[in-house]
Amino acid sequence: ELTLEYCNKLIEYGKSTENDTLIAFGFYYSGVVYYVLNDGNHFYDAITSALSYLSKVEDWELMARCYNFLGISSVSRGNAAIALDYYLVAIDYCKKAKSDSFASVLQINIGMLNVFCGRYQDALECFEIAYDYFTQHSELKDYHDNMMCVYENMAKAYLFQGQLAHAERVLIE
């Protein structure tokens, strides 16, 4: 509640001072809070509001993060096609932001979506892209979490294809 209060104050102050960056920041983080609270209506309103301001201030990485949240939200509602579109838009913004790290996280999400849809080879290609990036950047704060996601989901893709030896190789690695 307190975070939402501060976000609203930030939005109000941003509007009174005509500071689009503050408004974008307030809407983005209120969207994050609503996402955590699983408040779909407020989440969607806040994130889409954030997108319009983030575009004005050209904060491409936060735009990518918004589209990632929209993708995750779409997956949870069972709309894989829309989720994939959101993830691909997010990757385009990562390219603008030169954020290979977050683009690699998006590859994991796209891979997970492909597993969900039974597209195991496509999923494995996404996981390989993320694997290649993260193994070259073990200094990243979320390195271990991201690698666990890669390994776990690679193993799932192999298991669903009946390739137990490949799944075992991934899990042993």
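## A guided tour of the predicted model

Begin by selecting N146, which is found in helix α8; helices (H or I, at least four residues) are DSSP runs, numbered from the N terminus. The model is predicted, so local features need pLDDT of at least 70 and side-chain atom pairs count only at pLDDT 80 or more, while totals for chains, interfaces and linings use all residues. Residues are numbered from 1 along each chain as its sequence is written, and side-chain values use heavy atoms, with hydrogens and water left out.

With a relative accessible area of 12%, N146 is buried; buried means under 20% relative accessible area, exposed over 50%, and partly exposed in between, for a 1.4 Å probe and protein chains only. Residues up to four places away in sequence aside, N146 touches V105, I108 and F134, where contact means heavy atoms within 4.5 Å.

**The largest pocket**

Next, select R65, F102, V105, D142 and N146. Of the 17 residues that line the largest pocket, these lie nearest its centre. Helices α4 (60-76), α6 (100-116) and α8 (143-160) each give two or more residues to this lining, and α6 gives the most, with 6 residues. The lining divides into 8 nonpolar, 5 polar and 4 charged residues. In this division, Ala, Val, Leu, Ile, Met, Phe, Trp, Tyr, Cys and Pro count as nonpolar, Asp, Glu, Lys and Arg as charged, and the others, Gly among them, as polar.

The space in the largest pocket is about 460 Å³. A pocket is an open set of points on a 1 Å grid over the protein atoms alone, where a 1.4 Å probe fits, with protein on both sides within 12 Å along at least five of seven lines; lining residues have an atom within 4 Å of a point. Its volume is the space filled by probe spheres set on the points, which are joined across faces, edges and corners.

**The second largest pocket**

Now select Y34, Y35, N38, D39, G40, F43, Y44, I72, S73, S76 and R77, which line the second largest pocket. Two or more residues of this lining come from each of α2 (20-36), α3 (40-57) and α4. By class, the lining has 5 nonpolar, 4 polar and 2 charged residues, and the pocket holds about 160 Å³ of space.

**The nonpolar cores**

Move on to Y28 and Y67, the residues with the most contacts inside the largest nonpolar core, which has 38 residues. At least two residues of this core are supplied by each of α1 (2-16), α2, α3, α4, α5 (80-97) and α6. Such a core is a set of buried Ala, Val, Leu, Ile, Met, Phe, Trp, Tyr and Cys residues joined through side-chain atoms within 4.5 Å. Apart from it lies another core, of 18 residues, including I108, A123, L124 and F134.

Return to Y28 to display its surroundings. Not counting residues up to four places away in sequence, Y28 touches I47, A50, L62, R65, C66 and F69.

Then select S30, whose place is in helix α2. S30 counts as buried, at 4% relative accessibility. Leaving aside neighbours within four places in sequence, S30 is in contact with L4, C7 and A46.

Finish with C117 and C126. The structure holds 0 disulfides, a disulfide being a pair of cysteine sulfur atoms within 2.5 Å. C117 is in no disulfide, and the nearest cysteine sulfur, that of C126, is 11 Å away. C117 is partly exposed, with a relative accessible area of 41%, whereas C126 counts as buried at 9%.
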